[in-house]
Protein chains: 4
Amino acid sequence: MTTQMIILNGGSSSGKSGIVRCLQAVLPDPWLAFGCDSFVDAMPAKMQASDEGIVFAADGGVSVGAEFRALEAAWMEGVVAMARAGARIIVDDVFLGGAASQQRWQKALRGLDVLWVGVRCESAVAAGREVARGDRTEGMAASQSDVVHEGVFYDLEVDTTRTESLVCARTIATHIS
Amino acid sequence: MTTQMIILNGGSSSGKSGIVRCLQAVLPDPWLAFGCDSFVDAMPAKMQASDEGIVFAADGGVSVGAEFRALEAAWMEGVVAMARAGARIIVDDVFLGGAASQQRWQKALRGLDVLWVGVRCESAVAAGREVARGDRTEGMAASQSDVVHEGVFYDLEVDTTRTESLVCARTIATHIS
Amino acid sequence: MTTQMIILNGGSSSGKSGIVRCLQAVLPDPWLAFGCDSFVDAMPAKMQASDEGIVFAADGGVSVGAEFRALEAAWMEGVVAMARAGARIIVDDVFLGGAASQQRWQKALRGLDVLWVGVRCESAVAAGREVARGDRTEGMAASQSDVVHEGVFYDLEVDTTRTESLVCARTIATHIS
Amino acid sequence: MTTQMIILNGGSSSGKSGIVRCLQAVLPDPWLAFGCDSFVDAMPAKMQASDEGIVFAADGGVSVGAEFRALEAAWMEGVVAMARAGARIIVDDVFLGGAASQQRWQKALRGLDVLWVGVRCESAVAAGREVARGDRTEGMAASQSDVVHEGVFYDLEVDTTRTESLVCARTIATHIS
């Protein structure tokens with residue numbers, strides 16, 4: 001079977017984006033990359049500070065509402081449809097709901113061949129990288145570090161704490177069929 | 001019938017992005033926005049300078065290859081699938097192939113209820129706005145201004161030459177059912 | 001005398017940045033551009049939400065504290081020193097304090113040959129362009145539109161309400177000696 | 001004596017920007033940050049592809065012309081003037097000319113109290129991080145890794161190969177008086 005989609009899950013500042021770009025560079029085929037950031041960019045700006053949409057609290061907490069969930073479900077259907085239509089797809093996501101978030105993807109996937117990848121990073125290191133990125137709101141890295149992995153199963157886990165993005169990407173690439 | 005998708009077509013610097021953001025602000029429902037820019041961002045960086053991908057020439061010309069077309073077809077299927085799954089979608093595109101580009105969308109749409117919008121801007125004004133944006137490569141605005149509309153049909157056309165984005169958006173909004 | 005510096009003042013979304021890029025394109029010499037945005041980017045991220053630094057309120061209001069003012073005074077001295085050292089400089093600023101803001105610049109300028117340019121835009125049009133930019137916080141354009149010009153003198157005023165950035169820039173360029 | 005300026009030198013993708021943001025976060029006073037990137041942003045867009053300005057070659061090579069050097073000298077004078085006026089300043093630069101680049105800064109500094117910091121990163125690791133950043137042009141990291149340090153003296157060197165930005169910043173902070 002051919003891997004049609006790679007889904008990476010990890011907390012904020014765990015290094016997902018760097019791994020995605022390295023995967024796009026090292027994999028011989030062209031893979032399209034989507035993720036929670038590009039999904040939020042596609043939403044109306046007014047939903048980024050609405051209880052119905054997504055709220056980023058001053059302490060780094062993130063909460064999402066009913067309209068966000070409805071749009072997200074449709075977006076997942078669309079991303080999966082791209083894979084079904086023949087594009088190879090990499091998704092990076094933050095499973096704020098742990099296993100429940102993974103189940104939302106599985107519902108949309110319906111038998112598509114997916115490689116599930118957990119992206120780990122020690123909480124203190126991720127928090128330091130958040131500072132290095134200069135984000136005005138600190139605290140997301142620490143608060144998401146563990147909860148996003150609760151009850152989630154993976155085909156493969158990588159840890160960016162002491163391993164470069166490119167090395168993680170090469171490891172993942174060996175699991176692509 | 002309910003409008004499920006709005007597709008805007010216009011040349012570079014014709015003002016599509018501004019209209020899209022205004023539409024997202026004035027329409028009461030939350031609409032997701034995608035376009036050729038977000039599609040190019042989803043591609044591997046290496047395809048942005050490859051004959052198989054997309055090449056931006058020094059004179060403002062843009063050419064795309066076979067791999068680009070294959071990924072684009074899958075991406076169109078996915079965007080349409082999001083609309084079918086219930087999300088309302090705005091797409092802004094540059095129909096480099098004129099009528100042929102519109103036919104590619106129609107093939108994917110298969111009866112979805114779409115509002116087709118042409119975004120016009122006098123070539124000299126679009127070229128001036130390209131300078132104001134500070135893009136390093138000039139010439140895209142002038143070279144795309146007319147060809148993107150050749151043979152394309154619209155439900156509605158707006159012209160940003162002397163009309164603000166927000167006013168154009170409000171006009172478009174009155175055509176949404 | 002040779003114009004050593006151009007200082008543009010106008011409210012948020014009045015079109016200053018576009019005019020600056022057009023000036024850099026049409027003026028035969030290379031001019032360096034600095035402004036309140038690049039100054040805020042140079043500050044520590046933590047000052048962008050601190051009473052001592054700069055606070056952007058949810059209603060579009062902006063307030064700055066004592067540390068901001070001290071750093072700004074030193075920054076102004078440095079920008080003027082670049083001009084004295086022979087670089088031609090364009091500054092775009094938002095005179096939140098009106099005449100008092102202009103006096104802060106004059107104190108630093110000490111006889112440098114400056115062209116003062118007021119950038120006007122009808123409040124409603126600027127507010128619409130703010131929506132088109134997709135900023136999450138709306139209200140800055142409307143609240144700054146008039147107050148930034150109170151008591152300020154200019155060599156020249158331009159109005160972007162119905163005039164393109166490039167045309168405004170060409171008008172300004174004719175006043176450069 | 002009080003440290004008035006910190007100047008970091010290192011090749012592309014060696015991790016300077018992350019260290020700068022961490023320094024701004026951990027140092028108790030507010031420090032302003034400038035660097036070669038913000039300087040290039042201040043230049044006219046047309047100089048970014050001109051022999052007189054700065055040219056980024058497809059192989060990662062960078063060359064600068066006479067107009068670039070003249071503007072840079074004035075910019076250095078201005079940055080130093082900000083420090084003289086009381087702002088504490090962090091500069092990150094890429095000494096393409098090695099010792100000659102450092103001498104250009106020294107000429108402008110004239111006795112200012114500066115902490116010189118070398119930022120090292122193993123060439124292969126920097127090249128990998130360049131891939132992770134998704135830059136379209138690869139090769140800058142490898143080509144600059146060593147030459148930028150030739151003949152340059154430092155008060156302190158840090159190595160980001162196996163040390164996080166925040167840890168490097170804390171080490172640098174202990175050398176600030």
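In chain D, an open sheet is built from 5 strands in the order S2-S5-S1-S6-S7, with parallel pairing, where two strands pair if DSSP finds at least two bridges between them, and where strands (E, at least two residues) and helices (H or I, at least four) are DSSP runs numbered from the N terminus. Strand S2 (31–35) and strand S7 (156–159) of chain D are the edge strands, each pairing on one side only. Direction ignored, neighbouring strands of this sheet are turned by 20 degrees against each other on average; the axes behind such angles are lines fitted to C-alpha atoms, for helices over the stretch in contact, and angles run from 0 to 180 degrees between N-to-C directions.

The structure is a predicted model, in which local features need pLDDT of at least 70 and side-chain atom pairs count only at pLDDT 80 or more, while totals for chains, interfaces and linings use all residues. Residues are numbered from 1 along each chain as its sequence is written, chains are lettered from A and ligands numbered from 1 in the order in which they are written, and side-chain values use heavy atoms, with hydrogens and water left out.

Chain A also has an open sheet of 5 strands, in the order S2-S5-S1-S6-S7 and with parallel pairing; its edge strands are S2 and strand S7 (156–159) of chain A. Strands of a sheet pair through backbone hydrogen bonds, either parallel or antiparallel. One strand pair from each of the two chains is set out below.

| Strand pair | Sense | Bridges | Residues paired |
|---|---|---|---|
| S6(D) (114–120) and S7(D) | parallel | 4 bridges | Arg120(D) with Asp159(D) |

H3(A) touches strand S1 (5–9), S2 and S5 of chain A, and its direction makes about 150 degrees with that of S5(A), whereas helix H7 (residues 165–173) of chain A touches S1, strand S6 (114–120) and S7, its direction making about 170 degrees with that of S7(A).

Over all chains, a search of the whole structure finds 28 salt bridges, a salt bridge being a side-chain nitrogen of Lys or Arg within 4 Å of a carboxyl oxygen of Asp or Glu. One of them joins the side chains of Arg88(A) and Asp29(A) at 2.8 Å, N to O. Arg88(A) lies in strand S5 of chain A and Asp29(A) in the loop between H1 and S2 of chain A, so the pair ties together parts that are 59 residues apart in sequence.

Between chain A and chain B, 26 residues of chain A are in contact (heavy atoms within 4.5 Å) with 26 residues of chain B. The area buried between these chains is about 2,000 Å², of which carbon and sulfur atoms give 73%; buried area is the accessible area (1.4 Å probe) that two parts lose on being put together, summed over both. Pro30(A), Leu32(A) and Ala42(A) supply 25% of the area that chain A buries against chain B, more than any other three residues. Across this interface the rule finds 0 salt bridges.
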